[in-house]
Amino acid sequence: MTRINELPVMEEMNLVTAVTHTLRQEMQRDPSVRVMGYDIGPIGGVFRATEGLFDEFGPDRVMDTPLSENGLLGVAVGMAMRGERPVIEMQFLGFMYNAWGQFIYNLANLHQKTGGAMKVPLTIRATFGGGIKPLPFHSESTEAYLMHTPGVRVVCPSTPAQAKGLLAAAIRSDDPVVFLEHTKMYRAFREPVPMADYTLPLDKCRMVQEGDDLTLIAWGNMLHYSIAAAAETNASIEIIDMCSLAPLDVAPVLASVKKTGRCVIVHEARRTAGPGAEISALINEYALEWLKAPVKRVTAFDVFFPENQIEDAYLPSPQRIKAGIEAVLNYQF
Amino acid sequence: MIAPPPSGPVPYARDFAHRLLTDMLRIRRMEEKSAELYGAGKIRGFLHLYIGEEAVAVGALHALQAEDNLVTTYREHGHALVRGMSMDVILAEMYGKREGCSLGRGGSMHLFDKRTRLFGGNAIVAGGLPVAAGLALADKIQKTSRITACFFGDGAVAEGAFHESMNLAALWQLPVLFCCENNLYAMGTALENSESQTDLCAKAASYRMPTIKVDGMDVVAVHEATRQAQARVRAGEGPLFIEYQTYRFRAHSMFDAELYRSKAEVEEWKTRGPVHTFTARLKQEGKLSEEEFLALDAQVNTEVAAAVAFAEAGTWEPVEHMLADVYTPAGSQP
Ligand SMILES: Cc1ncc(C[n+]2csc(CCOP(=O)(O)OP(=O)(O)O)c2C)c(N)n1
Ligand SMILES: [Mg+2]
């Protein structure tokens with residue numbers, strides 16, 4: 001695995017500039033990489049993630065498409081079977097529902113159904129997450145729907161340098177990959193990103209901080225809230241970035257829980273049958289005897305994304321996460 | 001009122017005429033056998049027979065080139081066969097045997113074959129259309145002279161994927177030949193109960209796509225129309241929509257009560273059957289003798305028997321393979 005902080009020549013980037021930089025680098029490296037989506041050409045995309053690429057690579061590599069989410073995913077599958085590596089921009093994950101047909105019927109299952117004969121190397125970059133207040137279908141976290149689909153890899157970076165490594169790996173992978181970009185994090189902070197090209201494994205979670213008292217699991221923007229919440233407690237908290245959501249990298253979670261005996265899972269996704277339910281179930285199946293308290297989930301609620309004024313109450317906050325941590329730390333069987 | 005049976009001269013040399021007849025017979029006999037095997041429990045799930053529609057796949061696919069891409073539906077045994085997949089492999093896939101084209105995982109509705117550039121049957125109505133547009137987009141960008149032929153039924157035109165694909169192909173001027181097999185019914189629903197506009201060419205024309213309507217029971221008409229159509233698409237004129245007016249003689253899948261159409265209607269269409277009308281035309285022109293016909297048929301039956309033996313001798317995928325191939329081997333660390 002690449003140690004990204006050992007690579008020379010860094011440049012400060014935020015998440016969205018890291019995405020643009022990676023797309024450019026991958027397009028320079030491999031002529032079969034083509035980005036496609038709505039308003040992504042001369043306009044540079046609704047979040048400016050493809051800014052400058054049209055000028056550099058032209059209309060055959062940076063392709064504006066109609067509003068045809070379903071059609072476009074099917075087109076990408078066809079291209080991928082013919083040796084191209086399309087990278088689709090899904091303006092918002094909430095628009096994926098329109099594309100569900102092609103996503104399931106062709107994109108996800110072709111490789112398995114054909115016994116490996118057909119490969120579908122493509123990437124869907126989808127923005128998701130709450131915080132910038134664009135209201136329903138532009139804010140929700142529906143990664144559980146994706147995780148429930150065999151054949152698709154799902155990754156979610158929480159830092160610019162990680163975004164670069166995971167996006168490059170997603171583009172180079174022969175599997176279809178959904179790469180989730182949290183809109184609230186796009187311009188939230190900068191960090192040094194190596195200019196050399198590198199990849200990160202698509203099936204490995206990331207140890208953020210080691211600790212002995214409790215395992216805290218989060219991804220995307222919730223990882224940052226979780227780090228803040230953990231810093232507010234006096235406990236020694238182990239924090240895991242579950243950046244690889246499908247396949248779910250569960251071994252490090254089990255090892256951590258066996259050490260700490262306690263676990264809190266934080267997500268913006270709705271509670272019922274959310275990713276936390278799966279992680280909790282795995283801990284119960286494989287690490288129950290080590291638990292000193294029930295696994296706790298700090299999540300959004302089982303309603304559609306609410307209006308702006310109450311969005312902050314809907315999403316887990318550092319305060320709610322902290323309260324969850326303390327409840328688990330103080331739990332007595 | 002349906003049209004009279006196809007008739008008139010067959011403008012082909014004996015060899016090619018025999019090729020067309022043989023391929024229609026191969027589909028017919030293979031599927032008659034499949035129906036029997038289904039009854040015997042050898043083939044499970046669904047089995048959508050093409051019987052009655054053979055002239056479409058045979059006439060159309062013989063107008064394409066080997067390098068072209070093909071996308072089809074769940075009623076695709078005939079397309080796969082004419083395209084050059086061996087009958088052995090097709091039957092093995094229907095059986096669910098490992099010797100099938102997809103290790104038996106896809107079955108009757110999901111025939112795939114890289115060698116013959118068959119990019120799939122598809123269990124989903126209109127499921128293949130966007131993929132066909134994508135294959136064609138790749139060819140357009142890569143500047144090849146390939147075209148993509150995409151087969152689908154009249155039922156597909158009610159799906160959003162049909163309209164998205166028509167628009168994308170026309171907007172981007174992609175080399176796709178949209179081959180609509182209009183057999184008047186989608187399962188139990190007649191076209192007029194499902195479409196506000198039953199003239200399917202009018203739908204395609206609304207995307208500013210040229211259209212051709214042809215008698216799908218007449219292998220000569222199908223072949224001639226498709227030859228012209230594919231040449232236009234290959235020449236860079238953009239996509240073209242061709243409607244083959246045809247009819248399925250059997251139930252939708254293996255069994256249905258056929259409450260949606262009368263026996264008389266089916267019988268009337270059978271008078272237009274592609275195999276016997278073409279045979280009669282060839283005989284009338286002296287391009288086929290009864291002995292030759294019997295010899296062809298015997299040869300086809302031998303092929304079918306060998307394919308059944310191949311499928312019977314095939315092996316089942318071991319249960320340990322169930323979790324295989326969800327991802328590619330190196331997918332996580334490219
Ligand atoms: C999306 C979808 N809806 C429904 C079905 C069930 N179904 C299977 S075949 C079929 C009829 C399709 O008819 P048509 O496209 O005319 O093709 P034909 O069977 O006549 O060849 C239907 C409704 C399906 N497979 N996929
Ligand atoms: Mg039909």
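Select B:Gln173 first: this residue sits in the loop between helix H6 (160–171) and strand E3 (176–182) of chain B. Helices (H or I, at least four residues) and strands (E, at least two) are DSSP runs, numbered from the N terminus. The phi angle of B:Gln173 is near 50°, a positive value in a residue other than glycine. B:Gln173 counts as partly exposed because it has 15 C-beta neighbours inside 10 Å. By the convention used here, 20 or more other C-beta atoms within 10 Å make a residue buried, 12 or fewer make it exposed, and counts in between make it partly exposed, with C-beta atoms placed from the backbone.

The model is predicted; local features need pLDDT of at least 70, side-chain atom pairs count only at pLDDT 80 or more, and totals for chains, interfaces and linings use all residues. Residues are numbered from 1 along each chain as its sequence is written, while chains are lettered from A and ligands numbered from 1 in the order in which they are written. The predictor assigns the complex an ipTM of 0.94 and a pTM of 0.95. For chain B the average pLDDT (the predictor's confidence in each residue, from 0 to 100) is 96, and 100% of the residues score at least 70.

Next, remain in chain B and select B:Asp325, in the segment after helix H11 (290–313). Its phi is near 70°, again a positive value in a residue other than glycine. With 19 C-beta neighbours inside 10 Å, B:Asp325 counts as partly exposed.

Now display ligand 1. It is surrounded by 14 residues, the closest being B:Val125, B:Gly153, B:Asp154, B:Gly155 and B:Ala186; a residue is near if its C-beta atom, placed from the backbone, lies within 6 Å. The shell comprises seven nonpolar, four polar and three charged residues. Ala, Val, Leu, Ile, Met, Phe, Trp, Tyr, Cys and Pro count as nonpolar, Asp, Glu, Lys and Arg as charged, and the others, Gly among them, as polar.

Turn to the contact between the chains, which takes 40 residues from chain A and 36 residues from chain B; two residues are in contact if their C-beta atoms, placed from the backbone, lie within 7 Å. On the chain A side, helices H3 (69–81), H4 (100–108), H5 (110–113) and H7 (160–172) each give two or more residues. H3(A) provides the largest share, nine residues.

Colour chain A by domain: the assignment, automatic or from a database, gives domain 1 (8–194) and domain 2 (206–329). Their centres, taken over C-alpha atoms, are separated by 26 Å. Domain 1 of chain A puts 27 residues into the contact and domain 2 of chain A puts in 22 residues.

Within chain A, select strand E5 (residues 123–128). Six of its six residues are buried, so E5(A) is largely enclosed by the rest of the structure. A:Thr123, A:Arg125 and A:Thr127 lie on one side, and A:Ile124, A:Ala126 and A:Phe128 on the other. Strand E4 (residues 85–90) of chain A pairs with E5(A) in the parallel sense over four bridges, pairing being defined by at least two DSSP bridges. Here A:Ile88 has A:Ile124 as its bridge partner. E7(A) also runs parallel to E5(A), joined by six bridges, and in E7(A) the partner of A:Ile124 is A:Val178.

Finally, select A:Pro247, in the loop between strand E12 (244–246) and helix H9 (251–260) of chain A. The peptide bond from A:Ala246 to A:Pro247 is cis, with omega near -5°.
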